[in-house]
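Open the model in your viewer and keep the selection panel handy. We will go from stop to stop, and at each one you will hear what to select and what is there.

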Amino acid sequence: MTTPSARSPRLLLLATAALAVAGTALLTVPDRPTTPAISAPPRSAVPTAPFVGGRPPENVATSSATVSPAPAQAAGVPAPAPPGEGVAGDAAIQTSLQEAWPADLPDGDERSLLRSGRDLLRADATGVGRARWPALFGGPHQSTAPAFATAGFRIQAAIARSDNSPDRAVVHLVWAGTDRAGTLTDRRLTDWYFTRTSAKGASTWTVLPPA
């Protein structure tokens with residue numbers, strides 16, 4: 001029969017103490033936090049826009065600008081007629097003149113000035129009626145030959161307005177004519193200026209010579 005070694009209880013006690021210390025250390029160590037998986041940020045919605053044609057415009061997702069519609073033409077104000085439209089476009093030219101230069105003369109003065117302005121333009125362009133203004137056009141042997149034929153002459157629009165003074169006025173005319181080479185051109189511009197004169201208590205409008 002063998003006698004147990006005296007060292008055995010000591011070793012057992014040391015082993016027990018070591019296990020106790022190890023267990024205590026494990027219990028006191030804080031748990032390592034588990035790092036959650038990083039999720040990608042949600043993808044922003046890609047704006048869509050209507051397009052015309054076989055493929056959409058480029059860089060639609062990065063563009064946030066919107067195209068403003070072109071301003072609509074003012075109601076009731078027709079656009080000037082394009083050159084060469086003929087008699088059908090005369091009304092639009094007349095309306096455009098009246099809208100650009102509102103009336104500022106008494107009706108009687110305006111009618112008188114328009115009548116004189118039309119007659120002066122016809123006389124100057126075609127030679128018809130020049131005898132009424134000998135001081136302006138000269139005698140038969142002094143006046144220049146008409147530059148336009150009577151057949152192609154047409155006044156497209158005309159207005160009479162004051163010229164920065166109650167006693168001065170201007171007649172603005174738009175007209176068409178066929179020159180000596182046979183070329184018809186329209187939307188020509190001519191201005192005749194007038195001054196108010198008084199004689200025997202009555203006032204009349206007198207044309208001023210061209211400057």
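Among contacts in the chain between residues at least 6 apart in sequence, what percentage join residues at least 24 apart? The share is 48%, where a contact means heavy atoms within 4.5 Å.

Before selecting anything, please note that this is a predicted model, in which local features need pLDDT of at least 70, side-chain atom pairs count only at pLDDT 80 or more, and totals for chains, interfaces and linings use all residues. Residues are numbered from 1 along each chain as its sequence is written, and side-chain values use heavy atoms, with hydrogens and water left out.

**Stop 1: colour by confidence**

Colour the chain by pLDDT, the predictor's confidence in each residue, from 0 to 100. The mean for the chain is 73, and 58% of its residues reach 70 or more. Now select residues 1-9: pLDDT is below 50 there, and the stretch has zero contacts in the model beyond near neighbours in sequence. Residues 32-78 also have pLDDT below 50, with ten contacts beyond near neighbours in sequence. Where pLDDT is low, the predicted coordinates should not be read in detail.

**Stop 2: the cartoon view**

Switch to cartoon and follow the chain from the N terminus: its elements run α-α-α-α-β-β-β-β. Helices (H or I, at least four residues) and strands (E, at least two) are DSSP runs, numbered from the N terminus.

Select the strands, and you will find an open sheet of four with the order β1-β2-β3-β4 and antiparallel pairing; two strands pair if DSSP finds at least two bridges between them. At the edges are β1 (154-162) and β4 (202-207), each pairing on one side only. Neighbouring strands of this sheet are turned by 25° against each other on average, direction ignored. Such angles run from 0 to 180 degrees between N-to-C directions, with axes fitted to C-alpha atoms, for helices over the stretch in contact.

**Stop 3: along β2**

Select residues 168-178, strand β2, which is joined to β1 by eight bridges. Ala 158 stands opposite Leu 173 of β2. On the way from β1 to β2 the hairpin has five residues between the strands, and Asn 164 takes a positive phi near 60°.

Ten bridges join β2 to β3, and these two strands run antiparallel.

How many of the eleven residues of β2 are buried? Ten are, which leaves the strand mostly covered. Buried means under 20% relative accessible area, exposed over 50%, and partly exposed in between (1.4 Å probe, protein chains only).

**Stop 4: the nonpolar core**

Show side chains for Leu 113, Leu 120, Leu 121, Val 171, Leu 173, Trp 192 and Phe 194, the residues with the most contacts inside the largest nonpolar core, which has 22 residues. Such a core is a set of buried Ala, Val, Leu, Ile, Met, Phe, Trp, Tyr and Cys residues joined through side-chain atoms within 4.5 Å. The elements giving two or more residues to this core are α3 (107-126), β1, β2, β3 and β4. The largest share, six residues, comes from α3.

Zoom in on Leu 113 in helix α3. Leu 113 counts as buried because its relative accessible area is 0%. Leaving aside residues up to four places away in sequence, Leu 113 touches Leu 105, Ala 160, Ala 169, Val 171, Phe 194 and Trp 205.

**Stop 5: helix α2**

Finally, select residues 90-100, helix α2, which packs on the sheet, touching β1, β2 and β3 (184-199). The direction of α2 makes about 10° with that of β1.

Beyond residues up to four places away in sequence, Asp 90 touches Arg 154 and Gln 156.
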